[in-house]
Amino acid sequence: MGFLSPWFLAGALAVGIPIYLHLLRRHTTTPQPFSSLMFLEHRTQSSIRHRRLRYLLLLSLRLALLVLLALAFASPYINRPAASASGDKLLLLAIDNSFSMRAGSRLADAKREALSVLADKSPAGRAQIVAFGSQVNVLTQPVEDATTLRAAVESIAPGDSRGSLGELAHAVRSIAQNVRAPIELHVFSDMQKSGMPANFAEMVLPDGVSLVLHPVVKSSVPNWTVENVNAPGEVWDPKKARVQAVVAGYGTPAATRSVSLVVNGKTIAMRSVAVPASGRASVEFQSLDVPYGFSRCEVRIDSADSLRADDAYTFAVGRFDPQRVLFVHDASDTRSPVYFGSALAAAAESAFAVDSVSTERAANTQLGPYALVVLSDVSSLPSSFENDLLRYVRGGGGVLIAAGTSSARRSRIPVFGDNILASHYYSREAERFVAVGETDASSPPAGKAVQWAGVRFYYATAVDAANSRVVARLTDQTPLLLDKKIGEGRVMLLASGLDNLTNDFPLHPIFVPFVEQTARYLSGTERRGGSRPVDSFLDLRTAKEQAVSVEVIDPTGHRPLSLKEATSASSYQLTQAGFYELHLANGRQDVVGVNADRRESDLAVIPDDVLSLWTGKPKEAPPASAVGQEPARQQLKPRSLWWYAMLLVLAAAVAESLLASRYLGVQREEE
Amino acid sequence: MQRFLDPSVLGAISGLDLVAKTVVDGFVAGLHRSPDFGFSQEFAEYRAYSPGDDLRHVDWNVFARTERAYLKRYRGETNSLLTVLLDASNSMNYTSHGVSKMDYARFTAASLFYLAIRDQRDAAGLIVFDDEVRNYIRPSIRQGQLQRLLSGLELAEPHARTDFAKPLHHFQEFLRRRGIVLMISDFYESPEKVIRTIEPLRFHGNEVVLFHVLDPKEIRPDLGEPAVLVDLETREHLEVTPEYMRNEYRRKIDAHIEALRDGARSAGMDYHLLVTDQPLDGALREYLTIRQGRN
């Protein structure tokens, strides 16, 4: 124990004041008059009896008050070791259940070693079990019950997430703040190098935490994996579908690996690929002959390594008939169907089949089979066809209108309905062209991959945008792309043409994603199938689909969403590798293949010097043999007793006030 | 009526005349129930008329029968001379309960004067003394004598200390006529010296009565803790303990009282202890007893 400001202890001399008040002042007796001292003799009381202290309790309180006050101002503290008695220490067992722990018997070894550590725990000692991958899962609270702790260890199952020692350190810091006791952290892991955070500082443990590592492997082991697969999520023409796979080796010698494409459990193609030492090799399958509907596909290699789980890469493919698009244009316009059709074919991989018709022939066209109608700068439109279009839109159809120079002769945009205010021929003006000024990134046609930079617009039709949503504007604030909902359908207006005359938009690469996203947006189709990594999130509903139930079936066949989550959750985290089946709010069905993060396939371990740096012990230091006997970092932490002293001062002051009031009250009565 | 004799009640009455009247009236009302005491209008004797006697006192019935003039004498008309010697030393100022010894002495003296002058038609006088004679009012039955005496009592403020020897020769000058001498004092002097000093007054045929006025706390002091006491006369300080006051002091004061009583009796004087929390009738009763004995 010490004092931060010992000079304040001199204030304790003030105890003389109450002693004076009680002892000396009380006995300065006031002389009492008496008739005569004739019969009296001088008698002095013995000092002990005469000078007896009165109100001993009150005096004691006053002395205590002054001494405590001086003590409080002297700021007493006691030095407490950061990790003191083992009885106060929390034994924290962190077991790695990331994807890489599936290799060989790593997880079983880790659990066995954790159980042996628990067996050495003193009966009165508290322990807590956590499992960690990309997140830390707290399995028990700090408890003494060995049975509960053992059951928690045995319940740990291998996961598919990526191990993160940074997340573990973050969780330990939180636990240390809550526990307020020394922590002995035992980490049971394969110490995978990829589990380290980018910044070593994220792994630093707080004071009071002593780290004991239990690596289940001592060195790196070679491992092959299917690192990535590039396959379409939807297929409309199996002959045009391609599947590309990348086979990677970590710490492996050069070898030839056999790669097979498996669809719904049946191997439909097989290739051999030579993989260089610790290198990568790609393999391509020229067709993906899958039946209609969703197929569960995987690319598999014969690796014969310890981590078999990463030898297959899963992905889902849905086969559907292509959707038809009616492209209506003037007979004289032969350019725009080419640009639009090429862009759609390039982007959507035959998801859409474009039917180009001239304005004159469009009058007899039945619009029912079409998922989308495009009006490309039509100068005139038969009224019957326009009425059919309106009914088509109100019934849920989508229409894209390109208003090029032909619109200058009209006063109103057909179907869209808004009036034409002006026609801007920028090529005739000083600036020659304008660019896109601002866009609404929340709208699918303008958002995501569409970058409008560098696109020049030479002509634009200015329309009254009072009743529609402006998705993009030119730099002169002329609305370029407008969106309007009519009935159940939707109409978009591009205030320029698609013919590479009124702008150079079709020549820019962004034209392709623009056309694809606009077609998907207006036709109501989105990407399905494909693959996702573990721990990624899946959108379950849009903002308009609230309170509509969705259903998720995980790879094990369970429905992980509760009833409340099924009607309210907007996203779902994919935590397991395998195929997830989704029944979404709009009635669509989807299947996605989920694969573990392939960084987990690199089984290289953290170098010993880094581990020594993390544990804070020299490299040569032997590992701890007995739990709770390891000398923790005996940092002496001063713990201030100021608050306790002030609390005692307060208590003494209150008691003194009450007691003094009582005595004074008695004196008043006596008076 | 007894409550009118209570000193604490009398202390609340402002005028000495009213105090005296209250005391005496209350005392007399109590006496009527006693057969042992005669009164002033009670027949005592016949005396032959001599020239100069007041004809109003001639018993004309006897004169009619005997043709001799006799004066009818009553007991009350056996004139006595009452002189009160009042000690006005500082020690008389002591009090423990609101009525000081001086007040009590004033009440006693005033009551005695009232009783003597109004009821007994005795001549009464007053000598106030401490270490000197401070005031002297010649005994008389003249009109206004009572008022003069009461005024003398009012003016008798204690100061200085008691010294019986010094004013003694003045007493002897003043007390040439035979009568009753009442000395009211706390007698803080050795009993032998007190008796020796006062005894000469007895030689003139005076009936001398010592009224020893003491506060109850002087007889039975009650100290809760050691205290420093100050002598009211000498201003000396003395630290005393409760144990001493409980034991030795009580024994000494009792011995002092006893010595005074014995000394007075052996010298042919009467002694009466007046405690200031006791009713005043004791003093009056003593006076009447003595007076009756004289007649």
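Predicted model: local features only at pLDDT ≥ 70, side-chain atom pairs only at ≥ 80, totals over all residues.

Trainee: What is the strand order in the open sheet of five strands in chain A?

Mentor: The order is β10-β16-β15-β12-β13, with mixed pairing.

Trainee: Why are β10 (234–235) and β13 (266–275) of chain A called edge strands?

Mentor: Each of them pairs on one side only.

Trainee: How many bridges join β15 (residues 293–301) of chain A to β16 (residues 312–319) of chain A?

Mentor: Eight, and the two strands run antiparallel. The cut-off is at least two bridges, so this is a pair. Cys297(A) has Phe315(A) in β16(A) as its bridge partner.

Trainee: What makes strand β32 (residues 589–595) of chain A largely enclosed?

Mentor: Buried means 20 or more other C-beta atoms within 10 Å. Five of the seven residues of β32(A) are buried, so the rest of the structure largely encloses this strand.

Trainee: Which way do its partners run, parallel or antiparallel?

Mentor: β27 (residues 531–533) of chain A pairs with β32(A) in the parallel sense, over three bridges. Here Pro533(A) stands opposite Asn595(A). β31 (residues 578–583) of chain A runs antiparallel to β32(A), joined by six bridges. Leu582(A) stands opposite Asp590(A) there.

Trainee: Now a helix. Which residues of α5 (residues 146–154) of chain A are buried?

Mentor: Leu149(A), Ala152(A) and Val153(A) are. Down the axis of α5(A), these buried residues fall within an arc of 100°, so they line one face of the helix. An α-helix has 3.6 residues a turn, so residues three or four places apart point the same way.

Trainee: What is on the other side of α5(A), and what covers the buried residues?

Mentor: Thr147(A) and Glu154(A) are exposed on the other side. The cover over the buried residues includes β4 (90–96), α4 (106–119) and β5 (126–132) of chain A.

Trainee: Why are α4(A) and α5(A) called roughly antiparallel?

Mentor: Their axes cross at roughly 170° and come within 10 Å. Angles over 145 degrees count as roughly antiparallel. Therefore α4(A) is roughly antiparallel to α5(A).

Trainee: Which residues of α4(A) meet α5(A)?

Mentor: Lys111(A), Ala114(A), Leu115(A) and Leu118(A) do. Across from them, in α5(A), are Ala146(A), Leu149(A), Arg150(A), Val153(A) and Glu154(A). By class, this contact has six nonpolar, no polar and three charged residues.

Trainee: How do you know that α4 (residues 101–119) and α5 (residues 145–155) of chain B are roughly antiparallel?

Mentor: Use the cut-off again: over 145 degrees. These two helices pack at about 175°, with axes 10 Å apart. So α4(B) is roughly antiparallel to α5(B). Among the residues in this contact are Phe113(B) and Tyr114(B) from α4(B), and Leu149(B) and Leu153(B) from α5(B). The contact divides into nine nonpolar, one polar and two charged residues.

Trainee: How many residues of chain B are in contact with chain A?

Mentor: 24 residues of chain B are in contact with 17 of chain A. β8 (227–231), β9 (237–240) and α9 (242–266) of chain B each supply at least two residues to the side of chain B that touches chain A. That side has 13 nonpolar, four polar and seven charged residues.

Trainee: What makes β2 (residues 32–34) of chain A and β8(B) a strand pair?

Mentor: Three bridges join them, and the rule asks for at least two, so they pair. They run parallel. Phe34(A) has Asp231(B) in β8(B) as its bridge partner.

Note on methods. Residues numbered from 1 in each chain as written. Chains lettered and ligands numbered in written order. Buried ≥ 20, exposed ≤ 12 C-beta atoms within 10 Å, placed from the backbone. Helix = DSSP H or I, 4+ residues; strand = E, 2+ residues; numbered from the N terminus. Arc of directions from axis to C-beta. Contact = placed C-beta atoms within 7 Å. Axes fitted to C-alpha atoms, helices over the stretch in contact; angles between N-to-C directions. Parallel < 35°, antiparallel > 145°, perpendicular 65-115°, else oblique. Nonpolar A, V, L, I, M, F, W, Y, C, P; charged D, E, K, R; others polar.
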